[in-house]
Amino acid sequence: MNSVPNIYEKKKIHFSMAGRGDPWSHLTITRKNILLALHEKHNVEELESIFGLSKKELLDEIQPLEEASLVKRENNFYIPQFFIANLEETQIIYEHSRKIGEILAESLISKWKEIEASYKKLEISQDSSLKEQAFMLIGSRILDIGLLGALVKDGSLLDSAPLRPSPNRPDAKYYFWMIEGELVHLGKYGQEEIKLPWSDWYLLNFGQSWINNKRNEKRDSREEKCKEIIESNKAKNPGMLAKLLEVPYLNEKDSQIWGETADKFSNILLKKYKESEEDLVSFYQSLGSSKYTHNSLGEFICWYVHLAYVWAIDLLVEEKLIKIPPEYYSELIIQRKEPDGFLSKANKNK
């Protein structure tokens, strides 16, 4: 196999997903570059020339993508089945999302006294301020997961995640998006979770996975520490685990209060998206992926939400309403009767 030409070697390609499945095992550097070339509408013969591959070698690279429901064949073309943005589109979308982010931040600022009143009902408020806990309680639970959940329930902009069966994951159902650009263009913050051995209890982790193009090792290590404590049987309940991990804890009552608070304000923010629905759909229809996919509006919106809420969080930081932890992530043990499901980022951005 010949090496991939420099034009593709220099391209910075990133993926992210929300849902259940394992697209990562089907991706290699060559296949990532092939996907971008498919987005650019190259046919089979052109791909052979671009990548210096025989037809058999090329099809051997494409077949795993087809088996993973990531591409399909139409005549002499293979068509991506998920949202892709090239560098020019990525930069345009990133800047476009700033306006929505500003609207979201302004909406929350106008309701800040109500948010503070809800926070003061929590036991955790006796030990720390809303400003100290807002990165998680507002950034993750309202602007990220809460708003995505509200969009899914509404259904007009964010349909259910597409089914994407593969040989190793016939149950796969997830949003998937690929961009050309910098890591920041994926969305700087995101939530991950660990299901705990007590019914409906979770350890949430929200923040930056990458800092200066390097993995946030402190954040990555927390999952292992949590597993070690659970396996050692030192923690008899979620509250004890929180103490051992030294992370904030919402007891059952507080979890319910903040769950209702997050739902309320997420639905307020949903209205802001609904007011911009016509503009967002029109904007999506101007993008390349909309021309050949039938299911990528939801993926575009899922990615777009991740960009917009970062602008919103950073504006709230500028207003000194949210404090970013020095490690660039925060944690919380919380009870949830309805799990975040496919909205949780069980798979890290790649």
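In strand E5 (residues 173–180), isoleucine 84 has methionine 178 as its bridge partner. E4 and E5 pair in the parallel sense over three bridges; two strands count as paired if DSSP finds at least two bridges between them. Helices (H or I, at least four residues) and strands (E, at least two) are DSSP runs, numbered from the N terminus. The model is a predicted one, in which local features need pLDDT of at least 70 and side-chain atom pairs count only at pLDDT 80 or more, while totals for chains, interfaces and linings use all residues. Residues are numbered from 1 along each chain as its sequence is written, and side-chain values use heavy atoms, with hydrogens and water left out.

E4 and E5 belong to an open sheet of three strands, with the order E1-E5-E4 and mixed pairing. Its edge strands are E1 (13–20) and E4 (83–85), each of which pairs on one side only. From one strand to the next, the twist averages 10°. Helix H5 (residues 87–110) packs on this sheet and touches E4 and E5, and its direction makes about 95° with that of E4. Contact means heavy atoms within 4.5 Å. Axes are lines fitted to C-alpha atoms, for helices over the stretch in contact, and angles run from 0 to 180 degrees between N-to-C directions. Helix H12 lies across E1, E4 and E5 and runs at about 65° to E5.

Serine 107 is found in helix H5. With a relative accessible area of 7%, serine 107 is buried; buried means under 20% relative accessible area, exposed over 50%, and partly exposed in between (1.4 Å probe, protein chains only). Leaving aside residues up to four places away in sequence, serine 107 touches Ile268, Leu269 and Lys272.

A further helix packing involves H3 (residues 44–51) and H4 (residues 55–67), which meet at an angle of about 100° with their axes 10 Å apart. H3 is therefore roughly perpendicular to H4. Angles of 65 to 115 degrees count as roughly perpendicular, under 35 as roughly parallel, over 145 as roughly antiparallel and the rest as oblique. On the H3 side the contact is made by Val44, Leu47 and Glu48, and on the H4 side by Lys55, Leu58 and Ile62.

Aromatic rings were examined next. A pair of aromatic rings is described by the distance of the centres and the angle of the planes. Rings of Phe, Tyr and Trp (its six-membered ring) pair if their centres lie within 6.5 Å; planes under 30 degrees apart count as stacked, over 60 as edge-to-face and the rest as tilted. The structure holds 16 aromatic pairs. In one of them, the ring centres of phenylalanine 206 and tyrosine 309 are 6.3 Å apart and the planes stand at 40°, so the pair is tilted. Phenylalanine 206 lies in strand E7 (residues 201–207) and tyrosine 309 in helix H12 (residues 297–318), so the pair ties together parts that are 103 residues apart in sequence. Phenylalanine 206 and tyrosine 309 are both buried.

Tyrosine 284 and phenylalanine 300 form another tilted pair, with 5.7 Å centre to centre and 35° between the planes. This pair links distant parts of the chain, 16 residues apart, with tyrosine 284 in helix H11 (residues 277–285) and phenylalanine 300 in H12. Tyrosine 284 counts as buried at 8% relative accessibility, and phenylalanine 300 counts as buried at 0%. Tyr284 and Phe300 also belong to one aromatic cluster with Phe83, Phe283, Trp303 and Tyr304.

Charged side chains are also placed over rings; a charge sits over a ring if NZ of Lys or CZ of Arg is within 6 Å of the ring centre and within 35 degrees of the ring normal. The charged end of arginine 164 sits over the ring of tyrosine 174, 5.3 Å from its centre. Arginine 336 lies over the face of tyrosine 202, at 4.0 Å from the ring centre.

Strand E7 runs antiparallel to strand E10, and seven bridges join the two. Asparagine 205 stands opposite glutamate 331 in E10. Seven of the seven residues of E10 (residues 329–335) are buried, so this strand is largely enclosed by the rest of the structure. Both faces of E10 are covered, with Tyr329, Glu331, Ile333 and Gln335 buried on one side and Ser330, Leu332 and Ile334 buried on the other.

Lysine 218, in helix H8 (residues 217–232), counts as exposed at 53% relative accessibility. Lysine 218 touches Glu327 and Tyr329, not counting residues up to four places away in sequence.
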